[in-house]
Amino acid sequence: YRMRWRRSCKRLLILLLFLCMTIKLHLEFRLLNASRSENSYSPWWSNETLGHLRGMPKTKPVSNKPGVLRDVDRGIVWIGNSTEKVLSFEKKVQPDASISQDIKKYVNLRGNTSSKGVPLRNNTHPILSKSIPMMEQNQSYSNRRKLNSEKGEVKNASNEKLSHEKLKQVQNPVISTAKPKEEKPNKPKSIPKPASRISSKRSVAVKKGVSHDVDPEEVSLSPEDIEKMKKRLQVLNEAQTIYNEDRYGSFTENTTILLVQVHNRLENLRHLVESMKNTKGINETLVILSHDYFYQAMNDYVTNITDFRVMQMFFPFSIQLHPLTFPGRDPRDCSWNVKSGFQLLSPWPTFAILNTHGPLLFRIVQNRDLKCLNRDWPDTYGHYREASFTQIKHHWWWKIHRVFNELRITQNNYTGSVVFLEEDHYILPDLLHVLTMLKKEKRAKCPTCQVIALGNYNKMSPNVYKNNVEKGDWWVTKHNLGFVLDVRAWKELMKCRPQFCQFDDYNWDWTLTNIIQTCFKPRMSMVSLKFSRVIHVGSCGTHVKKRNCDVSNEVRTAKMRITSGKNWLFPKTLAWQNVYRSSGRVKRGNGGWGDFRDRMLCQAIWNGTATEETLQKLQSPEFKS
């Protein structure tokens with residue numbers, strides 16, 4: 001009966017999904033037809049998509065007369081019903097001779113067939129068949145404005161229209177190598193700083209959603225102060241001091257470690273420490289705080305904790321210590337959303353588009369005229385690195401290597417477990433109690449499970465989940481808070497460390513999910529609690545920005561949840577379910593990790609060769625892949 005009920009629900013959900021997609025496509029086509037003469041965004045190119053959160057450029061309408069205009073590296077490729085010509089605006093920028101051959105080979109401009117006479121599938125793109133993104137050189141795009149990073153001009157994208165002169169060029173193309181006369185731009189009302197440089201103020205356009213600005217406090221130190229701080233943090237890292245060891249005894253080989261990644265949110269850290277104080281058995285553990293930002297108020301708070309043993313370690317490759325050079329934001333680097341043009345070529349990846357003028361094959365390529373340092377290393381989506389995002393992945397990779405491989409207390413025969421937390425987490429009082437129970441019962445119930453997941457994002461009442469335990473693939477993105485690894489699981493992960501550094505995703509958890517799905521056969525498995533013992537209370541963080549952030553209100557909500565589930569705390573038995581959950585199909589990365597220097601630093605960390613000398617090599621303009 002239960003299986004029949006599940007099948008019926010699945011069929012109903014599939015039907016609803018099909019209906020919703022049909023309505024969505026219908027509304028999109030209506031929107032496109034209604035806005036044909038206006039500047040518009042592609043409806044499915046959202047500026048706040050989950051995971052990548054990348055802005056997409058606006059599109060410009062093209063004349064309805066025969067022919068299509070394509071911008072090719074500061075030149076123009078004109079394709080009409082029976083003509084194909086290349087217009088170059090500079091003598092030194094000559095179009096690739098192979099372009100026309102590829103066009104002849106793959107594109108029959110007189111009909112909707114390939115050069116071999118095989119009809120192409122009708123993959124008509126409603127936007128690209130009517131309007132073409134006109135990518136101007138070195139321009140950055142955002143939701144509200146278009147910023148020219150070279151001249152510092154701000155123009156309203158909604159007021160841009162093709163001039164009569166450009167329309168004449170489209171209608172009557174002429175091959176010319178002379179540089180056209182440049183129109184004098186209107187004097188801007190205000191001249192902002194170039195997008196590639198560090199902004200001292202938060203962008204006005206970014207009021208909600210992801211922020212692409214570096215925190216000014218992270219780049220406020222003078223070069224002299226930076227050198228002093230590097231030496232100070234190096235001394236602290238080498239000392240590996242454990243506070244309160246005289247009160248609670250020495251660290252042993254089976255002591256549980258709570259490893260917390262900390263940035264600069266002191267209020268969140270206070271609430272996390274408060275929840276730790278209420279956790280039974282916390283004085284038998286060691287809490288290691290891994291910082292990528294140092295300021296005295298937070299350091300004073302940590303060193304004055306007296307309820308459990310504490311150790312600090314400091315990420316040496318942070319933005320604060322390298323504000324104007326890699327791995328920080330180098331002013332010579334490309335702005336994250338500098339766009340590249342369209343180039344008519346045949347190699348992969350290509351897309352067939354059918355419109356009224358016949359099929360076109362094109363691919364997106366980087367702008368050859370970009371002068372920025374990392375122009376050859378965009379990510380999968382054509383964007384460039386953002387230091388504030390890549391730092392998180394570097395920090396996570398560095399801290400796990402340091403804990404398992406470099407700390408003196410864990411180098412020899414460590415048999416304990418490491419619980420992974422972050423500063424915006426709030427733990428329940430019985431976290432260590434259920435961890436002990438799971439470690440004991442896992443040996444008989446699931447001996448092949450390498451990971452224990454104490455946290456998740458389940459939002460329903462604790463009375464629904466009770467103390468149920470399920471088995472399945474290690475789905476890191478759904479269980480990235482409060483998961484537990486031991487030395488055996490760490491050694492398994494080390495087998496796939498090259499994939500971790502190469503996968504194009506700035507999120508460490510999405511990267512882990514990918515290597516679990518692609519590198520391990522069978523996939524690494526886990527046991528997980530349905531009623532989460534770790535609660536996320538940091539909705540205002542890296543990926544989400546709000547006008548009003550109230551951490552105290554989120555903590556109150558978390559405490560209410562704990563109160564509602566008090567009947568299920570400190571259980572005497574756990575209910576193991578006979579269900580194995582798969583982590584699903586492999587998904588493409590969210591980008592942000594295409595820079596060759598990020599991958600080299602990642603490899604240097606796991607090789608144990610990451611030093612200041614390594615960074616100097618990666619910072620050099622002569623550095624080549």
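1. In this predicted model, Asp550 and Arg556 form a salt bridge in which the closest N and O atoms are 4.0 Å apart. Asp550 is partly exposed, at 40% relative accessibility. Arg556 is likewise partly exposed, with a relative accessible area of 46%.

2. Across the whole structure, a search finds 16 salt bridges. One of them brings together the side chains of Lys230 and Glu612, at 3.5 Å from N to O. This pair links distant parts of the chain: Lys230 belongs to helix 4 (residues 223-239) and Glu612 to helix 16 (residues 612-619), 382 residues apart. Lys230 has a relative accessible area of 18% and therefore counts as buried, the limit for that class being under 20%. Glu612, at 29% relative accessibility, is partly exposed.

3. A further salt bridge is formed by Asp330 and Arg332, with 2.8 Å between the closest N and O atoms. Asp330 is buried, its relative accessible area being 2%, whereas Arg332 is partly exposed at 37%.

4. Turning to the cysteines, the count comes to four disulfides. Such a link is a covalent bond between the sulfur atoms of two cysteines. Among them is the disulfide of Cys334 and Cys372, with an S to S distance of 1.9 Å. The torsion about the S-S bond of Cys334 and Cys372 is about 75 degrees, and the disulfide is therefore right-handed. The pair connects distant parts of the chain, 38 residues apart: Cys334 sits in the loop between strand 12 (309-314) and strand 13 (342-343), and Cys372 in the loop between strand 15 (358-364) and helix 8 (387-406). Both Cys334 and Cys372 are buried.

5. Cys501 and Cys602 also form a disulfide, with their sulfur atoms 2.1 Å apart. Here the torsion about the S-S bond is about -75 degrees, so the disulfide of Cys501 and Cys602 is left-handed. Because Cys501 lies in helix 12 (residues 497-502) and Cys602 in helix 15 (residues 596-607), the pair ties together parts that are 101 residues apart in sequence. Cys501 and Cys602 are buried.

6. The sulfur atoms of Cys446 and Cys449 are 1.8 Å apart, and the two residues form a disulfide. This link is right-handed, with 60 degrees about the S-S bond. Cys446 is buried, as is Cys449.

7. On the accessibility of one further cysteine, Cys9 is partly exposed, with a relative accessible area of 30%.

Conventions
Residues are numbered from 1 along each chain as its sequence is written. This is a predicted model: local features need pLDDT of at least 70, side-chain atom pairs count only at pLDDT 80 or more; totals for chains, interfaces and linings use all residues. Side-chain values use heavy atoms; hydrogens and water are left out. A disulfide is a pair of cysteine sulfur atoms within 2.5 Å. Helices (H or I, at least four residues) and strands (E, at least two) are DSSP runs, numbered from the N terminus. Buried means under 20% relative accessible area, exposed over 50%, partly exposed in between (1.4 Å probe, protein chains only).
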